[in-house]
Amino acid sequence: MVVGGGIAGIQASLDLAESGYKVYLVERSPAIGGTMAQLDKTFPTNDCSMCILSPKLVECARHRNIEVITYANVQDVNGEPGNFTVSVKKRARYVNEELCTGCGVCQEKCPSKAPSEFEQGLGLRKAIYVPYAQAVPNVPVIDRDICIYFQKGKCRACEMFCKAKAIDFTQTDQIVEIKVGAIILCPGFDEFDASIFTNYGYGIFPNVLTSIQFERLLSASGPFQGQLIRPSDKKPPQKIAWIQCVGSRDTHIAANSYCSSVCCTYAIKEAMVAKEHSSIPLETAIFYIDIRTHGKGFERYYERAEKEQGVRFIRSRIHSVYQDSEGDLILRYVDENKIKEEKFCLLVLSVGLRPPALTEELAKKLGVELNQYGFCQAGDFAPVTTSKPGIFTAGVFSGPKDIPESVMGASAAASEAAQLLASSRHSLTAEKQYPPERDVSGEEPRIGVFICHCGTNIGGVVDVPNVREYVSSLPSVVFADENLFTCSQDTQQRIKEKIEEYNLNRVVIAAASPLTHESLFQETIREAGLNKYLFEMVNIRNQCSWVHTHEPDKATEKAKDLVRMAVAKARLIKPLRQMPLEINHAALVVGGGIAGMTSALNLAEQGFEVHLVERASQLGGIANRIYHTIEGLDVQAFLKDLINKVAQQPLIHIYKETDILEFSGYVGNFKTGIMVRPEGETREINHGVAIIASGGDVFKPKEYLYGQHPSVFTMLELEGEIAKGNPQVGAAQNIVMIQCVGSRDEERPYCSRTCCSKAVGCALKLKELNPEANIYVLYRDIRTYGFKEQYYQEARAKGVLFIPYDITEKPKVEAVTEDGKEILRVNVSDPILGMDFSIDADVLALATATVPSPGSEELSRLFKVPLNEDGFFLEAHVKLRPVDFSTEGVFVCGLAHSPKLIEESITQAKAAASRAATILAKDVIYGQGAIASIDKEACSGCQICIGVCPYSAIIFNEEDQVAEVQELLCKGCGNCAAACPSGACSIKNLANEHILAEIEALV
Amino acid sequence: MIDLAKANKNLWKEITEESGDIRNCFNCGTCVSGCPAAEADPPLLIRNLARMVLLGLEDELLEEGTPWICVTCSQCEEMCPMKVHPFEVCLAIRRWQSQKDETYIPPAVTEIFQRGHTQPLEKVQELRKSVGLEETPPTIVKFPELLKKFQAMLRETELVKNNDFMFRG
């Protein structure tokens, strides 16, 4: 059972359902989606949040192994791991879920209104409502408290107008008992109640909003349809300010000492998106304490905001906010030691994340321990484990985190549950049954076209009704439709109905990107009995409404052109067949560090064979050089234990001092050539999936006298010296640490994420050894995100001195001789006091960057998986597929992906194992349908195609002297078709005739 | 160039009577952004004063006249997210300065002797006039008899007695 239907709960459910488990997904609100559904865009790619979430919602709803139970609360849990009985209270919806079609008429007719929770009070909803347009399930609930019938005994308008007879006022709350083997808690979070800060005027001044309200304000489906206007006078604001750390890092008024981790980056996102949305030039300013853009790609995002988009960043927390007679807000702040007053039209409070209400009670019932802040207490080196065996946690419940981290945690929790229940895999699941495919051969094309408004994403620019009318007149089009959200669940139903009603045999959808939505629609038409390749998709969002925002007429004309082309092509497309692939159930794990070993161990405990390949002579990777976490946990003891477990696990084959020579094959059937160096022996491993956990390395700087002066160390070296009991370090009186050495600079414009925590951890250790030691940490922003903030506070309380420096005035280190004494002198300018300091250091520790492992490029080439601009492996999607590669069956985790702390590597490693298990748990999967084919008669045997195929999918038939496609391997990229000089090679449903038909339709 | 290693690292103990609250400071600037005296010239920058205490910059702190322009409104105290008690720190610095150097008479003390408070009258008088109020605020300045009594009381203190050349009523 997964408790909580936000992105974490959704991901955990999907992973488990795909790897052979029955899942009950229980959500307390009327629909799944969580906070992510409320967001406008997501950082750092500025993807539309709903666009990437919605396919997952639908996938959840339609998955045969997932039962979504909304508007329900967990009441009690009894039993033990593997055998829990959960009582769930399903609250009365007063709408019959079986009968409701989601038509929305009841909501239209209902006369009673209340502020919408989903719109954060900025808009209204009815007494009968679905929280948002794409809600899953698209079944309303009746709010008793404002329903006129329930309050006054008459009305029943909804019942009168409901054609489906789905309204049922007699429903009562139901308690159901569900037997499950494991529980994953992802109840999410509440945002901090900003009204506590009366000095910021929240709830008093109309133009002061919380960040989540601002997301709704920006959203096309929000209360102002995505127009950037302020609440008081509905005018577009010229200046917007953000105040950071509202309810975070505040032990006084908010009584929340932790950092909420996500607010800095979301404020940057909101500022950039606001500038994009604004109809007039918009000035933005972010008031902060430290900017914490520690996630992958976030530092570049911050740079872009400041340097390219002109977002101002001002290091000053705001004391109070005043409102003038125009409704503008006056902020007074200190900048370069001068007081400034500035007027803003709108103020956004970057509210922190709090544990969700009522979880305390739930946790008590479940026997799950909470930490001092009321979040779930995770285990040591077990970030998704709760204090109660068989109950796991994911998402923000175990601490503030962003979407990719929540998704990783969700997959990790799924892997823990899968491990626990490995013996009963497939015992409760059902195979998806499709209706037989309709034979459309011989039929004239009958095309149905569905055009999406995408809220106002498309409809706000493109004249959709006009396009629909135009399309109706095109040859072979027998039905044309427009939808507010073509991707929503009710529209899928509608598409199926229309296919049947009009006997459609081709479907064209004009909506968003096929990258995110094609598979959803293909599944829909398959469910309606059509071969899924009888489908064409046109991206009129990215290619029309987004790029031609300011030219709606031309955008509309272009949409017509594109749909006309797709229709022309659709007339010629044919049903295609997908080859079944048998799955090899073994995994290859590259890298024997903590990440690799954790993945390997989890998969083996789930019952899969694992080949673990390590380049070095011992397992452990970089963790061999790490001794303590910031929390004081003993890394070496943990590592030793992990190595033992891996060594004793019979399903894991360990290859040390081993290189990877070659890699070939495809998901389910990979072949990897390895060489075990000591024996000089080469071997071939057959496996179904591969996990890249090749680790990272420590940057060795050339500056600050590193390598030239015996008292200059990297932070990791210092940690080693402390652990070894080096007396020079233990007795040092003056210790200086310099942060961001090799990070956040021109050469490496990323934050290495771990160094601030590492420095604070080392400083605390040194203070333990010698409380009288003077420790100076020279920093740019202290990034002790999440609960690590408490250690930063502890370090300050113990007298560690933190001195900021500016990148343009880096500290200077020199070796000088004074009075015959050798001195290591550090000079630094303090921008707050405007004073220059010198410190004669006994020890200088450099917090150096985490860099990609030297073997990454070679692995990237061998496995044909990409690296990002910083040299770390690049996942398929930074938000929702954080451990997958675009190459199916290959996954990534640990430092190979990006700098991270040990527990984060563990989470990601378990997530990779979970994703891998979704493949390994199956016996058969299906290959691509739209693949290359070679006309034997026309092939001249020149073999050019073989050279250009990136998947080694073409072989040469010596007997017939022609090239042949291995259908299982082909991904349909089209290189061969483009290169073939004799026109023998083509991609199915994308041959010359299809392309020519499209061109003809265009010109 | 200040040699930090030679600074008085126990200064915070001397000044704050060992209350460790000051060490919580993370330089957010809330205290300054809410401080009315931060607009003075030179400005009262409580954050910077606290920082000087923490870094042990004794000589520099002794030279600071700004702690004496604090109007004791307590705004900094209200909103400090780290409970540093900046207002207490400000007062503690005053005490420390006075004790550190017995000959040190902060200019503010003479101002208090003259008009009962440190804030100058000129600005206020203009502002009051512009909104139709009496020019002189209803502080002790308005009541010369009471001011005389007040000054007589001050003359009883050691500080004024020993330095009477500075206090001419």
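A residue counts as buried when its relative accessible area is under 20%. With that in hand, here are some close-ups of this predicted model.

**View 1. M715(A) and its surroundings.** Let's start with M715(A), a residue of helix α18 (residues 715–724) of chain A. Its relative accessibility is 4%, so M715(A) counts as buried. Leaving out residues up to four places away in sequence, M715(A) touches M737(A), Q739(A), K758(A), A759(A), C762(A), A845(A), L846(A) and A847(A). I738(A) lies 23 residues from M715(A) along the chain, and their C-alpha atoms are 9.1 Å apart.

**View 2. A parallel open sheet in chain A.** Five strands line up here in the order β15-β22-β16-β17-β18, with parallel pairing. β15 (208–210) and β18 (312–314) of chain A are the edge strands; each has a single partner strand, so one side of each has no neighbour in the sheet. On average, neighbouring strands are turned by 25 degrees against each other, direction ignored. Look next at β16 (residues 239–246) and β17 (residues 283–287) of chain A, which are joined by five bridges. A241(A) has A285(A) in β17(A) as its bridge partner.

**View 3. Two helices on the sheet.** Helix α6 (residues 211–218) of chain A packs on the sheet and touches β15, β16 and β22 (346–351) of chain A; its direction makes about 95 degrees with that of β15(A). Helix α7 (residues 263–277) of chain A also packs on the sheet, touching β16, β17, β18 and β22 of chain A, and its direction makes about 170 degrees with that of β16(A).

**View 4. Helices α1(A) and α2(A) crossing.** Helix α1 (residues 7–18) and helix α2 (residues 49–62) of chain A pack at about 50 degrees, and their axes are 10 Å apart. The two helices are therefore oblique to each other, and α1(A) passes α2(A) in a left-handed crossing. I7(A), I10(A), Q11(A), S13(A) and L14(A) of α1(A) make the contact with L53(A), K56(A), L57(A), E59(A) and C60(A) of α2(A).

Definitions and conventions: Residues numbered from 1 in each chain as written. Chains lettered and ligands numbered in written order. Predicted model: local features only at pLDDT ≥ 70, side-chain atom pairs only at ≥ 80, totals over all residues. Heavy atoms only, no water. Helix = DSSP H or I, 4+ residues; strand = E, 2+ residues; numbered from the N terminus. Buried < 20%, exposed > 50% of the residue type's maximum accessible area, 1.4 Å probe, protein only. Contact = heavy atoms within 4.5 Å. Pairing = 2+ DSSP bridges. Axes fitted to C-alpha atoms, helices over the stretch in contact; angles between N-to-C directions. Parallel < 35°, antiparallel > 145°, perpendicular 65-115°, else oblique. Left-handed = near helix turned anticlockwise from the far one by under 90°.
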